[in-house]
Each structure stands twice: as structure tokens, then as C-alpha cells.
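Here is a short tour of a structure for anyone who likes to think in contacts and torsions. Have the model open beside the text as you read.

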Amino acid sequence: MSTAHAYPHEDTGVETRKLGMWVFLSTEILFFGTLITTFMIFKGKDFPGIKLTDVYDIPFTSISSFVLLMSSLTMVLAHNALESDDQEKTRVWLLATAMLGAVFLAGQIYEFTEFYHKGFELDTNIFSSSFYVLTGFHGLHVFIGVVLLLSLWGIGQRQNGLTLESGMNLEFVALYWHFVDIVWIVLFTVVYLI
Amino acid sequence: MTKILEPKKQNSIFRRPSSETGIWSWITTVDHKKIGIMYGYAAFFFLLIGGLEALVLRIQLSQPDNNFLSAAEYNAMFTMHGTTMIFLAIMPISAAFFNYLLPLQIGARDVAFPRLNALSFWIFIFGGIFLYSTFIFGTAGAPEGGYLDEEVSWLGSAPNGGWFGYQPNAGLKYSPGTAMDFWALGLQILGIASLISAFNFITTIINMRTKGMRFMRMPVFTWMTFAVSFLLAFSLPIIAIALFYVTFDRNFGTSFFLVEGGGDPVLWQHLFWLFGHPEVYILILPAFGIVSEVLPTFSRKPLFGYAAIVFAGFGIAFIGFGVWAHHMFASSISTVAQAGFGLSTMVIAVPTGVKIFNWLGTIWGGKLKLNTPMLFSLGFIGMFVIGGLSGVTHSIVPADTQQTDTYYIVAHFHYVLFGGAMFGIFSGLYYWFPKVWGKMYNETLGKIHFWLMLIGFNLTFGPMHWLGLQGQVRRTWVYAKETNLQFWNVIVTIGAFIIALSIVVFMINWIFSKRNGEKAPFDPWDARTIEWSIPSPTPVWNFSTAPNVKSLDDFWHSKYDEDEEGRAVRKPTADQLLIDLEEDGLNPKEEIILPNPSYFPIVLASGLPLLGYAVIFKSIALAVVGVILILSGSFGWGTEPLEEGH
Amino acid sequence: MLMKIFFKFKNLKYLFLVFISACIDNAPLDSLSPEGPYARSIDELFWLTFWIAVIIFVLVQGALLVSVLLFRDKPNKPEPKQVHGNTKLEIIWTVIPVLILAFIAVPTVRTIFDLAREPEDALKIEVIGHQWWFEYKYPDYGITTANVLVIPSDRPVRLEMWSNDVLHNYWVPKLNGKRYLVPGQKTYLNLHADNPDEFWAQCGEYCGLSHSKMRGRVISLSENDFNLWINNEQQNALKLEDGSLAAEGQSVFLNAGCTQCHVINGVWDTQGDRIAPNLTHFAARTVFAGAALENNKENLTNWLANPAKIKPGTFMPNLELTEAEINALIAYLGTLK
């Protein structure tokens, strides 16, 4: 990306790595799209047995959803702080975002445990299996996001601090994080509300 | 001589690797050319294995009620043959072409993300090794409650549910043992490799084109790479999720595709073919691209209807997502769906026809030089047309209910994927041989290869149409003597061995020519696209200065004008131009900075098969080691000093 | 209109068939010699498409060959004209295929719906797929049989099909196309034979180890014969009390473990479905073991001695029967007419 030895190319106005990130996210949409579609198909099945509606606790999940949404806000604040080159604030907001993500994950683990106690286990039936795989797949994304945020935070501790141009780029992590949040809004609606 | 800048002194804990020759230069390389060559050799190796599996199948079928293979072995062989040819041979050979040629065709120094490129290659290699390790670690047996007369041999301990893995037969109850887990997880790993390269190529094509290389000036091969990358990016997620479900069903007691727990076996078919049909175009479009390069060059005429060919390619790719259920006409889909998918399947014949007619328009009135690449491209048209026409007979739904699951289908898709994709690939291998190795291949051996393969191919797959219509079903370990199918089965088997012989000729030619071939001029075919404007073999920096492209077929237009009649006239300056280009290409005037090699792609990739084994052997320890490898690979990757430009 | 075109080509068709079938005669799974109205309507559609495809094939391959012959490079051949395209031509060769396809699409869609419609006077038969044999039930008559489907030739039959385990695909090439048998779902297929005859059936979908040996026979009978057959099938087997070899066989059947899976009405009845064929009228069937074997003494001996050797993966265990027991069993099975 250095300008000194830039190899001339037809200018599309989009930075290459950002473009790559967008392409990646567009396939992520298909991953979640397939999961959600099949989840809906299974949900509509006329099959006897315990269903999610028998075990879930909407107020609890609403709160943890709210926590995850707030993390998007703190992510924006971190980005803003970095744009005005405030390293200290950037790190604080990054850590806050990671923590909020971790709280969401903890909530999910708690929720899963509760469901297990009520007999809604991974291999119980098609409703439980599709629920765990779908929300678990999202949870894995949140987990990876938290790891990325923490490593950014770690890099930020070092001498040079963070920049918007550096390899482990805050902007990409932010893009990813917002994406994961938006997916959760869809999931929450599809899985719990509909 | 070279003016490549040395990597800067680094203050990181890890030094970047710097060897330029020897094994480490290959293991740590991020050079798209080296990666392309490695893709090519690895894929060819798997092609040979897949070919051997095919020969074994053909020996078994050469007589009725044969006992050369046991049922378990036969089923493992046809499953591995299909899986290998699709995922480990044709797809990676196409990836080899993409890797080597894409940056050259758009005038770039490398792909957008060189290290990701190396990562996809190593994931592919580990995925292939993982899948084939089933012969050592895998187990297979009779369905729950069933009996076998003999133990399943090593040859039978491979995946045996078909490359399409139809549920519930491929589930744990009916395919016990770990073999089908090797299949599901192996495809998952290979899918990751293809997905990563798809991101990479899409980004590369959008953002790395040299000055003046507008979209409508890109070579058709680049266009087809673009289409294939989109197909991969949008179809692989679907199969990835479906394979997830299969892995969960087999290992964690879920029942996504099992009726007992409320699942649906037909859903697997939908998901599989939603991926599987685009996959067909993933396999064939690269060959379309190659042929669209070779035909104009050897006809000494521009491609007839460039825009139409490009848009037809994308049309095929797009419609390809809307025809999946034509693989399921006999399955439990509604009558309306049968009619709908029958019609949409007919529609796909239109852009395909456009391509074929435009290719014919390209050679019509040309000055055809019948070198080996051209022969293979012409053979491609001839064979692909047959595959296309038998494809139209499948869209006639009632007729398809007779043809489906018979050798008629086997004949059809081999005409498309062998007569089509493989002929195109061989055309490309000969065409770009001089560019890659700087040597000429042996033309006589090349022609022998072509004719042997054409004859062998038609002897093998032509009679299969007839066998299918006479009632030989697919995946049949034996057929009854009373079905009177032996005669043509013998012919087919003979044909298969002729193909094998032609492959031997090809290998001899390759090995001999690479060592002792004549030195290749850098533009041996008087070609049209800019990859021929640089020395052969391609210098490590590709273009010493970034080319400035002014038109489609830019290189041709720098050599040729048109007279009043529209005939090509060689410019008087053309000869000097070539001399200058070679001189410039070998001696860059400015400092060139190339992406540094890296250890981390292979480290990161090596973690994935361990995760696969962890699922199969239910071993937490293996999973931990795998995750550690992936994390440390990613950490090293992330903290490695960035290369100074591309 | 379809018929007209078909008849025009009919002679040509036979020429072609004679040429290509020089080395095959009498292929029992031949999908090109229909012997019933359903298969015939498919056949007509296939040949219509086939001849259109042949014309396109000849045109394209001809153009290819002509180009190679006319335009191949010769000494002193001038450089070609640099033609970049021709919009008019390209539109023509886009539109013509569209028209041809539209022409084929009409009869295709009509035939799809014709084949799917339930015939009015059809006899209902249930087909249940098992690894690796087909079970048939006649709900109107209370009959359960296996491997050999007996149908009347004076009226169509409507098969209602499902699978007991994996996917199967029911195919009687001379009577109709294929249809899957799916666990947990019902699918339908119509059959109708022109004349009393015997036809071969085969499972099309790969269904595991012995997929290739999952075969069947369809026997169509005249109205009278069919009724006789029904009457016979409705009878229970008689319990043998004498000291004959067959009676010994009966006690082998009852004591060696066969009754774990098999039923013989009147001799060993059980509630519910069993995983193996009902043997009440075993001797009346021409084939057994998923129609992989002709019903004769030699085949039965081999089968009973080691079933898995003939059908790998089979659910029938090797009961380690002695030669005497096998002979007795075969004698007994022979009485189950």
C-alpha cells in the first residue's frame, strides 16, 4: 500500500483490502442466509416434541441483544477516537466493545445451559438442532470478533499505537463487528420473535 | 542483473523467509506463478489417481457379474473418482490457470492478497491429503444390522456414499464408520480453500487491473475467472452449511436430514444441487475462457462477438443458480416444479448456444494454424456440443425420468466435463507451456496425444449413451448377464485404457520438453493478449513496467494494423517492438518490490486437517493443537511486517 | 402434431436402432422399447428431441469440419479479415434456439402433467423400498408380496411409494420413467402394460452396498389371470403336519431364526411390518433376494448357505444351516405356492 512504489492500476476508488472485506462479508450473508432459510423450513415442520417456544425467555434474550447492539455504538466511538488520533480513548472503547461482546457470549452460554436443563438439547429434535447450530454459528462469529478486538487492543498497547492504515486494521474489525451485530438483529427476529 | 529490493531489516520476532530457490522457496512462496505451478502439479497428481480409480471401475464393469472388486470397494472407488476429479483435479487445475495467468492478463504484479493466495493453496493440499488419508484411517461397513461376507479392505475404507452424498444413505446409520466423515470434512476444508481464492480473484480483477485495462478490454479468460469466482463465492457457503449439518448428524446425534428426528432428506438434495449445479459451471467456464483465447490466436482473427461471449458467460453463471432441481426430476418435487425447472433448464441452452456459434464465427474465414492447443480447442467445441445436446434431452422432464441415474447421464456429463473442461484445460496447458517454461513442447507428441485422447474419449463415453438407454443404471457394482450390456461395456473399458495411454504420451511430452525442449520465443503464437508481451519464462516481476492498455487484444494491435479490406497487416515496427519488449522485460529500469514470502500460510493451513481429525477421532487434544496452529499462524500473519507494496 | 412428426421419423428411427443394436438384442431394461402408454408418450418426446438434436449436431459439427478444411493455413494464404462480430447474425442464432426450445417445451409440459395425473380406474398398489428389495401391498385385497409386482393388463395401476430406509428409485423402463422412494414422504407412479408380459425393474438411485442387486420383475396378467392370482395370494399357507421333508423344512423355518424377520401367513403370523419379505407365496415368485436370483434350487442353496456373499450388506444373517437343513427348507419353500 505504500505510495512510493505504487504500481499503476485502473482506479476503482475502493481500497483493495476494504474491497476484499466486502466480498468476504457478502459470502457471509450467504452462510447466514442458508442457515436462516433452513432454520425457517425446519421451524415450519409439523413434528411432535419440545420446541424453542417451550423453553425460551424473551426478556432475557432481549437484554443480551441490547448489550450486543450497544457494542456497535462503542465500536463507532472507538473508530471516531482513532480518527482524531486519541490512542487512549480508542483503547478504552475497544475494550468496552470486547467486553460487551463477551457479556453477550456469557448470556448465550447461560441461555444454552438453561435450555439443556429443560430438556432442549442439541440432539433432541430438529427444532433444537437447528436452533443451536444457527445461534452457535453466530456465537462463534462473536467470539472471533472479541478475539480480534482484544488483539487490536493489545496492539494498541505497544509503542506505535494504532493507525487506520496498519495491518490489523480497526476499520475492518469494525466492519466485521457491525455485520455480526446486524446478523444478530435478523436472527433475534427470526428465531425468537416470529 | 535483477534489481529486486531486498526485504527490509525487520524488528519483528519473526524474520520473513528469504530463500529464492530450493524447497523453502516453494513452501513459503507467495508468488502467484509458483503457486499456480504447484496447483497444477498437485491437481495433475490427483487427476492421475482419479484416473486410476476410473480404470479400476472399468475393469470391474468389463464383464457382467464380475468379482474384480467387492461392492464396498466399487462404491468407494466411484465416490472417490467423482470427488477427486471434481474437487481435487479440475477445480485446482483451473485454479492453477487462474493463479498463473490472471495477474499476467490484467497486467498486475501479483494478486490482491498474495499471502491469502498461498493460504488457499496450502489449505487445498492439506484438504486433499486429509481426504485421501481415509484409505489409512477411514472405516466403512454394512449398514446397521447388515452383514458382510468379508472384511472391508483398505480400498473400500474410503467414502462410499457418492460424491453427491445423498441422505440418509450417507448418514451414520447406513454408512457407518468414519469414511463419510472424511468426505464431509474434506470437502469442507477444500471449500474454504476455494472460497478464499474466490475473494482474492474478485478483488484482484476489480482493483489490480493495469492502467487502461477497462472491464471491456479484459481477455475472456479473465472474464471467466471473474464469473467462476462469483459462482464459488455464492455457492460454496450453501454446501458448507449443508456439510455442517451432515457432520452434526453423523457425529453429534442431530437429525437435519433424518426423518426420525423431523429432518428432511430431500432438503439435502436441494442444498446440494443449489451448490452442485453452479459447480458444473465452475468446472466448465474456465475451459470456455481458455478456448476463447486459443481460437482467435490460431485463427488470426479477433474473437467473434466478444461482448456476447462475455455476457453469455455471465448469463450461464446467473441462470445456473435457477436450475438446480433438474437434478431431481425423479425425486419428490411437485409437478409444477418439474415443469418450471424443465423450462429454466432449456433457457440455459440459449447462452451456451450463443457461445458455440460465436466460436464457430471466430474460426470461420480465419487462417487456422492447427497446432496442438488449437486441435484441443476444436475438439472441445465438437465434444462439448454433444454434451450440450444430450443436456437438452434432460430438460425434457419425462425423457429425463428415463435417463436419470443411468449411464446416459454419465455419458452426458463426461462429454461436458471431460470433452469440455478437460479438452479446454489441455488446450491451455499446451498453449501457455512456452510462457511458463520458456521451452516449446513437442508438436508431434502433442498431436498424438490429441488424436489418441479424442478416439479413446469417444470410445469410452459415446457408448455410455446407449448403455444408459438400454438400462444400465449408475453406480452399479454389477449388471446381470441377462441385461445384454456386455458388448458395449467392453468397448468402453478399451476406450478408457486408450485415454490412459494418451495421458502417458502427454506426460512424456511434458517431462521431455520441459528439460530438452527448444527454447521458446516469448511470443511463439503471434498472440493477442498482454501476457505474451513479456519474456518466456515469465520473469519473477512479471512486467518490468506496468503496461498501458489501449484496447482489447492490446498486444495484437501493437503488432498489426488493418488494411482497407479489413485484413491484418503486420506493422513494420513490429519486429523491433518484440526485440525491445524482450530487452525491457528482462531488465527492469526501476526498483521492483515484490511481496515477501511467508511461513504463516502453511502454518495456518496445517491446523485445519487437525480440526477434521479431532471431529473424526473425537479428540479434544487434536482440536487444541489445531486451534493453536491456526491462532499462531494468524498471529504471525497479523504481526508480520507488511510488504512494501504489490 | 407430435405423432405426425414422430411417424415421419419412425422408419429412420428403426434404421438407427438396427445399426446401433447390432450387438445387443433383447435388453430387458431397454428404455427405448416402450410396452405401455406411459412409456410410449415419453419415448415419442425423446425421439422428437433426439432428431432435433441430430440436426443441430450435424449443422454444428459440419460447420466445424468445413471451417477446418476450408480455412486451415496453407502457404501464401493471405491474412484473414478482422471480423469482430455481426450483430444481426448473433441475434439470429440467439432467437432460433429460443424458438426450437419453445417448440419442444409445449409437448414437454403437457406430457409432464399427463404422466402425473391419477388415472380414473387405476388399481392402487403400495410400493415400499427396503435395502435391497421392493415390497408390494395391495390394500384393496389385503395382499403383501415382494420382488415380483403383478398387475392387471386391462387397466392402469397407481403406485403409492415410500421408503423404509434410504432413497430408492423405482424403474420399469418399458412401462414408465423413474420415481424416487423417499422415507417419510409419498410419491406416485403410474404403470400400464399393453399386453400380458414380464418386465424388468431396477432401483435407479444409489442406495448402498447392494444397490446394483436391487431389482424386480413386473408381471402383467389378463383380467382373468389376475383375479386367479389375487385369489391364490389371499390364501394362507397350510401348516404341514406330516413327516415329509417339507414339514422338516417348516420346523427349520420356525426354529432356526427365520421367524425373526419373515412372515408366512397361517404358519407364522405377527403383528406389524417385518424387515424381510413375506414368504407366504414364495414359490409363486419367479425370483427372490431382491430379484437378484432366479427362484431355483441351486440359487436357493447358495443363498441360504451365505446370503451376504450374494448381496453384501444384506440384513439376512448366515444362520450356519447344515446341508440337510437347507435341503429341507428348500423343499418347504417349494410348497408355498
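## Backbone details and how the chains meet

Ala289(C) sits in the loop of chain C that runs between β11 (287-288) and β12 (293-294). Please keep in mind that this is a predicted model. The phi angle of Ala289(C) is near 55°, which is a positive value in a residue other than glycine. Ala289(C) counts as buried because 25 other C-beta atoms lie within 10 Å.

Is Asn484(B) buried or exposed? With 21 C-beta neighbours inside 10 Å, Asn484(B) is buried.

Two cis peptide bonds are worth a look as well. One links Ser536(B) to Pro537(B), with omega near -10°, and Pro537(B) belongs to the loop between α15 (486-516) and α16 (554-559) of chain B. Another joins Gln131(C) and Trp132(C), where omega is about 0°. Trp132(C) is placed in the loop between β1 (123-130) and β2 (133-138) of chain C.

| Site | Angle | Value |
|---|---|---|
| Ala289(C) | phi | near 55° |
| Gly365(B) | phi | about 80° |
| Ser536(B) to Pro537(B) | omega | near -10° |
| Gln131(C) to Trp132(C) | omega | about 0° |

### Chain C as a whole

Chain C contains 8 helices and 12 strands. Its radius of gyration is 27 Å, well over the 20 Å that the globule rule gives for 337 residues, so chain C is more spread out than a compact globule. The C-alpha trace of chain C spans about 100 × 50 × 40 Å along its principal axes. Of the 337 residues in chain C, 42% count as buried. Among contacts in chain C with a separation of 6 or more, 68% come from residues 24 or more positions apart.

### Where chain B meets chain C

The contact between these chains takes 88 residues from chain B and 87 residues from chain C. On the chain B side, the elements that each supply at least two residues include α3 (71-105), α8 (265-299), α11 (372-395) and α14 (443-469). Which element gives the most to the side of chain B that touches chain C? That is α10(B), with 14 residues. By class, this side of chain B divides into 50 nonpolar, 26 polar and 12 charged residues.

Just after α10(B), Gly365(B) takes a positive phi of about 80°.

Trp324(B) counts as buried because it has 23 C-beta neighbours inside 10 Å. Leaving out residues up to four places away in sequence, Trp324(B) touches His270(B), Trp273(B), Leu274(B), Gly276(B) and His277(B). Trp324(B) and Leu271(B) are 53 residues apart in sequence, yet their C-alpha atoms are 8.9 Å apart in space.

### Where chain B meets chain A

Here the contact takes 42 residues from chain B and 33 residues from chain A. The elements of chain B that give two or more residues to this side are α6 (179-207) and α7 (220-252). The largest share, 9 residues, comes from α7(B). This side of chain B has 23 nonpolar, 13 polar and 6 charged residues.

### Nonpolar cores

The largest nonpolar core has 321 residues, and those with the most contacts inside it are Ala43(B), Ala233(B), Ala242(B) and Ile284(B). Its largest share, 23 residues, comes from α3(B). The core also draws at least three residues from each of domain 1 (2-116) and domain 2 (123-234) of chain C. A second, separate core of 22 residues includes Val252(C), Phe253(C), Ala328(C) and Ile330(C).

Notes
Residues numbered from 1 in each chain as written. Chains lettered and ligands numbered in written order. Predicted model: local features only at pLDDT ≥ 70, side-chain atom pairs only at ≥ 80, totals over all residues. Buried ≥ 20, exposed ≤ 12 C-beta atoms within 10 Å, placed from the backbone. Contact = placed C-beta atoms within 7 Å. Helix = DSSP H or I, 4+ residues; strand = E, 2+ residues; numbered from the N terminus. Nonpolar A, V, L, I, M, F, W, Y, C, P; charged D, E, K, R; others polar. Core = buried A, V, L, I, M, F, W, Y, C linked by C-beta atoms within 7 Å. Domains from an automatic or database assignment. Rg over C-alpha atoms; globule rule 2.2 N^0.38 Å.
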